[in-house]
Amino acid sequence: MAPGGRVEAARFRAAMSRFLSGVTVVSVFDRAAGRPHGLTVSAFLSVSLDPTLVLVSLAKDSRGLECIGQEGRFGVNILGEHQERLALHFARRSHVPVDPPFVERDGVPLLAGSLVHLVVRTVEIHPAGDHALCIGLVEDLEYEEGWPLAYFRSRFYRLVPQEVLDRIAGHFL
Ligand SMILES: Cc1cc2nc3c(=O)[nH]c(=O)nc-3n(C[C@H](O)[C@H](O)[C@H](O)COP(=O)(O)O)c2cc1C
């Protein structure tokens with residue numbers, strides 16, 4: 001424990017990495033660059049049904065936050081299990097070149113092949129420590145059947161239902 005009852009950042013990060021999440025890419029048009037911009041985001045939350053609100057928490061110094069502030073609308077792409085390379089690409093951690101499959105819907109860039117597409121209009125941006133909470137109204141959406149990409153302790157996972165594991169275990173007994 002650090003002095004003054006504050007938790008050290010490294011321990012906080014280690015604890016939070018034990019919270020399993022899905023993976024999204026927030027996509028937004030970058031006017032200065034003249035092309036779509038994306039960033040990988042696990043801090044995504046469904047907030048309200050009426051109205052349909054979602055929240056993403058973005059680093060204050062991220063290019064994505066700057067673009068969202070300028071554009072007023074952005075996309076949220078919930079990644080499917082086959083999109084790990086896109087997750088790495090949009091976290092700037094990719095070692096292999098990736099050509100992101102951007103498509104456009106209602107003027108917002110989205111990633112083809114995602115499990116879910118949300119078209120979001122920004123309604124509030126709240127500063128929160130070294131991040132900002134972007135709350136947005138979901139104006140349109142589409143979703144596919146399939147399985148999500150999962151993230152836990154800095155690694156990507158695919159989900160296997162417990163019943164499938166039980167069946168496999170039963171097969172070897
Ligand atoms: C699995 C994963 C989840 C991430 N989640 C977030 C997040 O919730 N918020 C955030 O600001 N950055 C998150 N990042 C880091 C950003 O993707 C990364 O800093 C990105 O390069 C920011 O891009 P930009 O500054 O060009 O917009 C995450 C990275 C990974 C690999």
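Student: How far is an oxygen atom of the ligand from a polar backbone atom of Arg63?

Tutor: A polar contact is a pair of N or O atoms within 3.5 Å; within protein, one must be able to donate a hydrogen and the other to accept it, and residues adjacent in sequence count only if both atoms are side-chain atoms. Here a polar backbone atom of Arg63 lies 2.9 Å from an oxygen atom of the ligand. For Gly64, a backbone N or O atom is 2.8 Å from a ligand oxygen atom, and for Thr40 a polar backbone atom is 2.7 Å from one. Taken alone, the ligand exposes 650 Å², of which the protein buries 80%; such areas come from the Shrake-Rupley method with a 1.4 Å probe, and for residues only the protein chains shown count as cover.

The model is predicted: local features need pLDDT of at least 70, side-chain atom pairs count only at pLDDT 80 or more, and totals for chains, interfaces and linings use all residues. Residues are numbered from 1 along each chain as its sequence is written, and side-chain values use heavy atoms, with hydrogens and water left out.

Student: How many residues surround the ligand, and which element gives the most to the shell?

Tutor: A residue is near a molecule if one of its heavy atoms lies within 4 Å of it. The ligand is surrounded by 18 residues, and the closest are His37, Thr40, Ser57, Ala59 and Gly64. Helices (H or I, at least four residues) and strands (E, at least two) are DSSP runs, numbered from the N terminus. Strand E3 (35-41) gives the most, with 4 residues; strand E5 (53-59) and helix H2 (63-71) each supply at least two.

Student: In what order do the strands of the open sheet stand?

Tutor: Strands of a sheet pair through backbone hydrogen bonds, either parallel or antiparallel. By the criterion used, two strands pair if DSSP finds at least two bridges between them. In this model 3 strands form an open sheet in the order E1-E11-E12, with antiparallel pairing. Strand E1 (21-22) and strand E12 (155-158) stand at the edges with a single partner strand each, so one side of each has no neighbour in the sheet. E1 is joined to strand E11 (residues 149-152) by 2 bridges, and Gly22 has Ala150 as its bridge partner in E11.

Student: What do E11 and E12 form?

Tutor: E11 and E12 pair in the antiparallel sense over 4 bridges, with Phe152 opposite Arg155 in E12. The two strands form a hairpin with 2 residues between them, and Arg153 in the turn has a positive phi of about 50°.
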